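Trainee: Could you walk me through one part of this model in detail? I'd like to look closely at where the ligands go.

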Amino acid sequence: MKELIDVDAYIERLCVPRNKVFEQALRDAAKAGLPEIHVSPNEGKLLYVLAKVSGAQRILEIGLLGGYSAMWLASALADGGKLLTLELEEKHAQVARKNLLRAGLLTKVEIRVGDACGLLEDIVRRGEPPFDLVFIDADKPSYPVYLDYALQLTRPGSVILADNVIRRALDEDDSDPMVRGIKEFNEKLAACSELEAILVPIMRKGIDGLAIALRR
Ligand code: SAH
Ligand code: DHB
Ligand code: MG
């Protein structure tokens, strides 16, 4: 595992310039007692590059936490672009709002607080315009349901991303609903005739991964 940490540190040193506002966001989230399960700086940069490459103007995030991944995604948006992000916990949303405000990004971001399934159902029912990119990173047992919503809320050419798709997929304990959720998500993603997908390993302390899928 030491080599993985070295690789991650090497990439971060080269490709993620120090940014005081992003680093403060992580410190404030930890100080507020939020779990330290945000994407790593390198994965954040990867989200940013993917959002830019895809030219996304409308991004949907499921699972905001303290706003760290949202900061990367929102900073990839061109003027007029918008990130809608869904979060269950009001406390997490409060921390994220402060972090996004300090970064000058809050004007590009809309935060909706509640259970993502209900909020996604509202978006479908209201017939809001499709998203160019969806990033799934909330509760793992619901990943298969989030994939169904992502398919309903995107268009051909849209990108669907999901965090944490490798570590639990290698776990043999199928009695764990998180393990089952991730395995079912990956199988659905790979089998979906509407998607061209790949799982990319992401290394930090251990190994996990990001799913990247393009809608045909
Ligand atoms: N994307 C964030 C990390 C998200 S952690 C980052 O990288 O910075 C997962 C988040 O999903 C937590 O904040 C948790 O409160 C939220 N969450 C869990 N279950 C949820 C649900 N049912 N609906 C919406 N959000 C949920
Ligand atoms: C964990 C990591 C994550 O990125 C996440 O979204 C949820 C949980 C974890 O390491 O437990
Ligand atoms: Mg995650």
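Trainee: Let's start with ligand 2: what is the space taken by ligand 2?

Mentor: The space taken by ligand 2 is the largest pocket. A pocket here is an open set of points on a 1 Å grid over the protein atoms alone, with protein on both sides within 12 Å along at least five of seven lines. Ligand 1 sits in the largest pocket as well, where sitting means that more than half of a molecule's atoms lie within 2 Å of the grid points.

Before we dig in, keep in mind that this is a predicted model, where local features need pLDDT of at least 70, side-chain atom pairs need 80 or more, and totals for chains, interfaces and linings use all residues; side-chain values use heavy atoms, without hydrogens or water. Residues count from 1 along each chain as written, chains are lettered from A and ligands numbered from 1 in written order.

Zoom in on the oxygens of ligand 2. A side-chain N or O atom of Lys 140 is 2.9 Å from one oxygen atom of the ligand, a backbone N or O atom of Ile 37 lies 3.1 Å from an oxygen atom, and a polar side-chain atom of Arg 167 is 3.3 Å from an oxygen atom. Of the 290 Å² of accessible area that ligand 2 has on its own, the protein covers 72% (Shrake-Rupley method, 1.4 Å probe).

Move over to ligand 1 and 21 residues surround it, the closest being Gly 63, Ser 69, Glu 87, Asp 115 and Asp 137. Its shell holds ten nonpolar, five polar and six charged residues. Here it's the nitrogen atoms of the ligand to look at. The side chain of Asp 115 brings an N or O atom to 2.7 Å from a nitrogen atom of ligand 1, and a polar side-chain atom of Asp 137 lies 2.8 Å from a nitrogen atom. Leu 88 takes part through its backbone, with an N or O atom 3.1 Å from a ligand nitrogen. The protein covers 91% of the 590 Å² that ligand 1 has on its own.

Asp 137 is in the loop between β4 (131-136) and α7 (143-152). With a relative accessible area of 13%, Asp 137 is buried (under 20%, with protein chains only). Its side chain also makes a polar contact with the side chain of Lys 140, at 3.3 Å.

Most residues other than glycine have a negative phi.

Note on methods
A polar contact is a pair of N or O atoms within 3.5 Å; within protein, one must be able to donate a hydrogen and the other to accept it, and residues adjacent in sequence count only if both atoms are side-chain atoms. On a 1 Å grid over the protein atoms alone, a cavity is a set of points where a 1.4 Å probe fits but cannot get out, and a pocket is an open set with protein on both sides within 12 Å along at least five of seven lines; lining residues have an atom within 4 Å of a point. A residue is near a molecule or strand if one of its heavy atoms lies within 4 Å of it. Ala, Val, Leu, Ile, Met, Phe, Trp, Tyr, Cys and Pro count as nonpolar, Asp, Glu, Lys and Arg as charged, and the others, Gly among them, as polar. Helices (H or I, at least four residues) and strands (E, at least two) are DSSP runs, numbered from the N terminus. Buried means under 20% relative accessible area, exposed over 50%, partly exposed in between (1.4 Å probe, protein chains only).
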